[in-house]
Amino acid sequence: IFFSSVAPLMCIAHAAGIYASLGGAAANAVGVLSTMSICNWAARIICGAMCDQPNGARLGLRIAAITTTAALGAILGLGSAMGPVGVAAALCVIGYGYGSLMTCMPGITTKLVGASRFGACYGKIFGLGWGIAGVSSAYIAGMVYDATGTYLASVAIAIVLSTCYTALSFHLPDEPER
């Protein structure tokens, strides 16, 4: 869970700075963050429906992993050449991926460990994975920015972690038969 949540949490926390540093107007950064939030919400609705289908949660998680990694790659590879609209779109894809993750992971956990063990198992997953990522991702991204003067180094670190997340998402076991 740590790998899956670091990149989007870092981008959400630093969205305004990333957007502005890659050519976006600082005054428009609030709109970008709001649009990321709408994408996050939409993902939760869409993936909620997917989670009710056999292996739908796993598919939603994989799609989120791939698209988040691709959006980070676009930010790193193209940077300001994407223009403000392209940077905003990539950040919105990352916001969508985080909403998908937050919806699919509880569904996957329930299907793999059963409803009776969900609370104990998910508490550990959420508390450790998201807790550590939530506390560390924004802080680390800020430290890297302060040291390098650019968000691209933080994005590169996020790509490595997101690539691990993508690979791990393809190693999830099949859901048990109902």
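The model is predicted, so local features need pLDDT of at least 70 and side-chain atom pairs count only at pLDDT 80 or more, while totals for chains, interfaces and linings use all residues. Residues are numbered from 1 along each chain as its sequence is written, and side-chain values use heavy atoms, with hydrogens and water left out.

**Helix 5**

Helices are DSSP runs of H or I with at least four residues, numbered from the N terminus. Helix 5 covers residues 83–113, which is 31 residues. The expected span of a helix is 1.5 Å times one less than its number of residues. For helix 5 this gives 45 Å, and the end C-alpha atoms are 45 Å apart, in agreement. Of its 31 residues, 22 are buried, so helix 5 is largely enclosed by the rest of the structure. Here buried means under 20% relative accessible area, exposed means over 50%, and partly exposed lies in between (1.4 Å probe, protein chains only). Just after helix 5, G114 has a positive phi of about 90 degrees.

**Aromatic residues**

Rings of Phe, Tyr and Trp (its six-membered ring) pair if their centres lie within 6.5 Å; planes under 30 degrees apart are stacked, over 60 edge-to-face, and the rest tilted. By this rule there are five aromatic pairs. One of them joins Y122 and F126, whose ring centres are 5.9 Å apart with planes at 35 degrees, so the pair is tilted. Y122 and F126 are four residues apart in helix 6 (residues 115–148), a separation of about one helical turn. F118, Y122, F126 and W130 form one aromatic cluster.

**Cysteines**

A disulfide is a pair of cysteine sulfur atoms within 2.5 Å, and the count here is zero. The sulfur of C11 is 11 Å from the closest cysteine sulfur, in C92, too far for a bond. C121 is also in no disulfide, with the nearest cysteine sulfur, that of C51, 17 Å away.

The table gives the accessibility of residues named above.

| Residue | Relative accessible area | Class |
|---|---|---|
| Y122 | 12% | buried |
| F126 | 38% | partly exposed |
| C11 | 0% | buried |
| C121 | 18% | buried |

**Surface patch**

I38, W41, I45 and I46 make a nonpolar surface patch of about 440 Å². Such a patch joins nonpolar side chains (Val, Leu, Ile, Met, Phe, Trp, Tyr) within 5 Å, from residues with over 30% relative accessible area and no salt bridge. A salt bridge is a side-chain nitrogen of Lys or Arg within 4 Å of a carboxyl oxygen of Asp or Glu. I45 lies in helix 3 (residues 29–51).

How values were computed. Helices (H or I, at least four residues) and strands (E, at least two) are DSSP runs, numbered from the N terminus. Patches are made of residues with over 30% relative accessible area and no salt bridge: like charges are joined within 9 Å, nonpolar side chains (Val, Leu, Ile, Met, Phe, Trp, Tyr) within 5 Å. Accessible areas come from the Shrake-Rupley method with a 1.4 Å probe; for residues, only the protein chains shown count as cover.
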